[in-house]
Each structure stands twice: as C-alpha cells, then as structure tokens.
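Thank you for asking me to look over this model. My comments are set out as numbered points, to be read with the sequence and the coordinates at hand.

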Amino acid sequence: TMTVETSGAGPEIADTMYGIFYEDINFAADGGLYAELVRNRSFEFGPVDNPSYTPMTAWTTAATGGASGSAEVVNDAGRLHENNRNYLRLDVDADRRGSAYGLTNSGYNTGIAVERGERYDFSVWARTDAGETPLVITLHDDSGSLTSRPLRRIVRGDGWARYTGTLTATRTSATGRLTVSAQGTGTVSLDMVSLFPRDTFKGRKNGLRKDLAEKIAALEPGFLRFPGGCLVNTGSHEAYEAPDWERRRSYQWKDTIGPVHERPANANFWGYNQTLGLGYYEYFLFAEDIGATPVPVVPALVTGCGENRATDDPELLRRHIQDTLDLIEFANGPVTSEWGAVRAEMGHPEPFGLTHLAVGNEENLPDEFFERFERFRAAIEAEYPDITVISNSGPDDTGAVFDRAWELNRQAGVDMVDEHYYNDPAWFLENNDRYDSYDRQGPAVFVGEYASRGNRFRNALAEAAYMTGLERNADIVRMASYAPLLANVDHVQWEPDLIWFDNDSSWGSANYEVQKLFMTNVGDRVVPSTASSTPQVSGPIGGAVGLSTWRTAVAYDDVRVTTPEGEVLLSDDFAGDAGQWSPLTGSGSWAVEDGAYVQRDVNAENTMVTAGSADWSDYDLEVTATKRDG
Ligand code: AHR
C-alpha cells in the first residue's frame, strides 16, 4: 500500500539535479564529439601517447602519374608554433602532367564519413621552398574512387600560411580518405591538415559532431561536468613539467584555449593522443548551447586512478591555484580583465556564468588531497565567494579512504562532496536508501559518477530505481551524473557507457533512455510517500545474474538461479562474509558447479556470487533469494 502525502511539501528539486559527466575517455573528443575528421592532423602522435603510435599514424604516402618523393615528420625550428612541435616535410618530384605526390589520411574507425551533398571545410598550414607549389586535395573512398571534385590551392612562399577550401561530397561513404598531394618539384611543408563538416552542432567553427551533440542536448542536462575523471587526476606525474617537450600527461586548461594550431597535442591519461582542439572554450560554449551549468574539474596535484602520489612542490601548487583563479576569470571576468579579454577575443564577450568548480577527482590519499584542496578553496573563496568549490570522497562508495575523506570534508564544512561508484545492478536496488540517513547539516552530495555495470535493460532499470532514491533525497543530493558519457566502439577503455558511436552513426543505450526520462522530467518538489511492505528480493538482478553484498553484509538463504539448464542452488548461506567461499582469492574465479558457471569474487569489502553462461545470453535468468531477516 502506498500513501502519498499530497498536502506535504518535500524538498525542492533543483533544475541542476541531473546532468552529464563528459570525459575524454573512449575517444570521446578526437574521433568523437570533436567534429575534426582528420586523425593525427598535426603529426604529433608518438609512442609516448601510445606504444603503437608514430607521427605518421593514420597517414600513408600517395603518388600518382609516376610521381616520386619522400615524406618525413620533422621536429625542428622551422615548426609552425612552439607548442606544435612536428610538421611534415614532403620532397616532391612530380613534374609530369597529372602527377602528384603527397599523403592520405584514413580518419577514425573505417574512415572519414561523408554524406552526399554535404560540404566539408578543408584547411592546411603550408610553406614551400619552390616559390609556388600546387596542392591537389581530394576526398575518395578506400578503393580510390573519388567522393568529391578535387580542390586546388597554390602554396606561395616559404612562410607558414593557412590555405582553405570547401569539398562537397558527391557520394555517401563511411570509408572515406583525404589525400593532399603536391605537384612540381621541391620541398613543401604541411601541418594542421584539417577537414570539418560544415554542418556541425549549431554551425560552430571548430565545432562538435552534430548527431552526438544532439543526443546529448536531447537529455536537457542541468549541468556539464568536464573534462574528467582520471583525465585530470595526473597532477604529480614526473612528466608533468617535462622541459624537453615530452608529452605532459597533466590536463591544464590554458593548453586548451586559443588558436587550435597553438594548442599542444598531449598524451591522454587513457592512453591515446588528445589534440585539445576541443578545449575549455568549446566546453563552456557547449554547456551554454545545451543550457547546462558548466562544472569544470581541475587537478589537485594528487594522483588517484590507480596511483597514490602527491606533488610536493609549493611553486607548482601556487601556479595551479593561480591557474584556477584565472580559469574563473576566463569564464566570468569582464572583457577588461586579462582572461576575460582572452574569452572575448575567442568570440564570447559575455561571461559564461560559472557557479561551481571541482578541485580534484577520486584522490586515494585523503589527507594529502585535503591539505591541497583547502589551499585551493581558500584562494577561490577569497576572490570569488559565490563559487561553490566541490571536494570529493575518493574512488569508492565506502571504505577507509571514503570514510576519512568524508570526515575531513565534514570537519571543514565543505559545501559539496563528489561521490563516485560503479556497482552491480543489485547494489543499486539494495542501496536505494543510501542517502536517507545522510547528515542534513553536513556537505551536500554531488554523485558525479555512477553506473551499474552494464548497458542492458536490467542495468537501466536498476539505475532508474536508484535515481528515485537520489530524487527523494534532493535536499542533500543536489547533482547526479551517469558515467562515462561517450564511447567510440573501436576504442573502448571503459564500459558501460551512455552513448555509443562509430564514424557515421551513434546510438543511446537503455541507460541513456533512463537518464533522458529523468532529465527531461525534473520535478519541482518531492512528494512525500510511504509504502507498507518491502518487495521480495527476486528477479534478474545481476550482470549475468547474481547477488552481491557489500559491507552492510546482507544475508540471504536459499539463493537459486533458474537457468535454461535447470535450477541451480548458488548458496544456502550467503552472508557477505569473505571467509565463507572457498577458494576465495583474487578478484573472481569462474567454475562449473551444479551445471552452471558460478563466479565468486571476493575482496575485503565485497562478496559476490553470480551465475552465467554465454549460452544463456538470450534468456532472462531469474535469481530468487530469501533475505535472512525477512
Ligand atoms: O568514468 C570513468 C572513470 O571512472 C573516471 O575517469 C574516474 O573518475 C572513475 O574512476
């Protein structure tokens, strides 16, 4: 029986209750949301980014009509800009009529996706020692058939200049290639070879891929947390201040603004190159375009994400704190301020209206993190008292780091604490009441990252159920975002993900539909209600099927799974006690027991038992169990 108190006023639900967390993981930026179609456009890829990369990744040489030549990536003083270290030198011998020598880019996934009738904006920086060098630019597919009429440009002189033009696709192709070839003889240098669809989201230059941006916009997110995640969790890397221009793994916002050819391409935490073409200006603009409050995350100079180090460098800390103040000025300052002027010069004199900023992400060392967080917070609050400075509680939903982080956050009266967790669907069902008991006098909660482990309907359903618990506690849980947002199917570092894509299509997961349902139907207030009985623990609730108990040690008797091969008793005494399963070492082992594959995964805090078989993927498996306390 449900009782709804129609006269009672529950907590208000903020418009910013549900939002998105965008991180450059799974090729979410280059080869994803950033609409650039040329991969490795500035020849900056290298083994530092990823052992399989070279400066010629995605490029091959191309010769027609008996031309010959050589292509070499050069790193010398003749470069286009000091932040853009490499460029391509082509020595060309293509004197015969119709001959040309150059190189071809294969884009992302199966290639450069083009659509018949659509226009594509080409640009390249070039210089030549031959006085004049004709360039021929073509779009074609992987078999060589043209998909556009050739574009011709003449490079003049030995000073870098940008050459532009438009290619119109004559055919639709998902295996497109872009070839840039030179004619005549001599040496021509190229850099920043770029091709953008004219039709970007909102028609912006240096813009975003329309189908992906529209799917995100359709969520009507209340906020945009960016750019990470572990991406920003890199503050103490040795390579941080590499003087010899090795790649710096740290994500620093000032690297990501200004003309794109002046942004230093960089190794990304997730093991690939990031061009930073999609940078802070573009993120702020995107947030504005989709009506979301921007919530940047800056590095706190303590690692997380599998590493446990804190930078002990007062000067570096001072600089990062100043960079954070500058970031706020970039977002909100008047055009007469130093960084407000930079924003205006980039095309946005109006402030972006930044109200929230997070320092750090999932640091494993709560004391070291907090010491640095407090320095950031004091500096920000002194200059910008209206900005909400968000702290975090480490990488988990429970445990020693979590407890200590919360203790510090509470003691210091922090405004808002970011919590992250990735658990089984069962956890989400069992923990619907997680925030019912949170201290109303303490910091507010930002659930900055959460997901049940899977993109199946049952995962989406468990998340939906959980979100009712977040919403019921809207007085203390102020913001929540699923994670991660985007994944390129051919470059996955993390799953599940909300939206999937390849080079020419994208699709939302079941979880996406749940997020959309909640985000596009945010209520004004919670309507208090009570229910008189507890639903039975039953039904398909696992990644395959399963039960998990965390520290709360919920006990179950008679845990059974009904499989296509019959009913299997998983346990008649499942109590979340790490000692009870044997052998129970490592992070999970599979064995055939009673005709079912049973996985038992135990660590200090988690006991889990699941059953599954690849052969069962088409079946709805059902787990039933009896909660020991009834
Ligand atoms: O969302 C994927 C990763 O999960 C994030 O980068 C990190 O914050 C968390 O561990």
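The points below go from overall confidence and architecture to single residues.

1. Basis of the note. This is a predicted model, in which local features need a pLDDT of at least 70 and side-chain atom pairs count only at pLDDT 80 or more, while totals for chains, interfaces and linings use all residues. Residues are numbered from 1 along each chain as its sequence is written.

2. Confidence. The protein chain has an average pLDDT of 87, and 82% of the residues score at least 70, pLDDT being the predictor's confidence in each residue, from 0 to 100. Two stretches call for separate mention. Residues 576-592 have a pLDDT below 50, with 28 contacts in the model beyond near neighbours in sequence, and residues 595-616 also have a pLDDT below 50, with 73 such contacts; two residues are in contact if their C-beta atoms, placed from the backbone, lie within 7 Å. For the complex, the predictor gives an ipTM of 0.99 and a pTM of 0.85.

3. Overall architecture. The protein chain contains nine helices and 34 strands, where helices (H or I, at least four residues) and strands (E, at least two) are DSSP runs numbered from the N terminus. Of its 630 residues, 49% count as buried; a residue is buried if 20 or more other C-beta atoms lie within 10 Å of its own, exposed if 12 or fewer, and partly exposed in between, with C-beta atoms placed from the backbone. Among contacts with a separation of 6 or more, 74% are between residues 24 or more positions apart.

4. Domains. The assignment divides the protein chain into domain 1 (18-29 + 202-523), domain 2 (59-197) and domain 3 (538-627), with bounds that come from an automatic or database domain assignment. The centres of domain 1 and domain 2, taken over C-alpha atoms, are 37 Å apart, and nine residues of domain 1 are in contact with 14 residues of domain 2. On the domain 1 side, the residues touching domain 2 comprise two nonpolar, two polar and five charged ones; Ala, Val, Leu, Ile, Met, Phe, Trp, Tyr, Cys and Pro count as nonpolar, Asp, Glu, Lys and Arg as charged, and the others, Gly among them, as polar.

5. Helix 1. Which residues of helix 1 are buried? In this helix (residues 210-217) they are L212, A213, K215 and I216. These residues lie on the same side of helix 1, because they cover an arc of only 160° around the axis, the arc being that of the directions from the helix axis to the C-beta atoms. The buried residues pack against strand 2 (18-21), strand 23 (486-488), strand 24 (499-501) and strand 25 (506-508).

6. N26 counts as buried because it has 25 C-beta neighbours inside 10 Å, whereas A58 counts as partly exposed because it has 19.

7. Two strand residues. A63 lies in strand 3 (residues 59-64) and, leaving aside neighbours within four places in sequence, is in contact with S68, G69 and Y101. V136 lies in strand 9 (residues 132-141) and touches A100, P150, R152, S181 and Q183, not counting residues up to four places away in sequence. A63 is partly exposed, with 17 other C-beta atoms within 10 Å, and V136 is partly exposed with 18.
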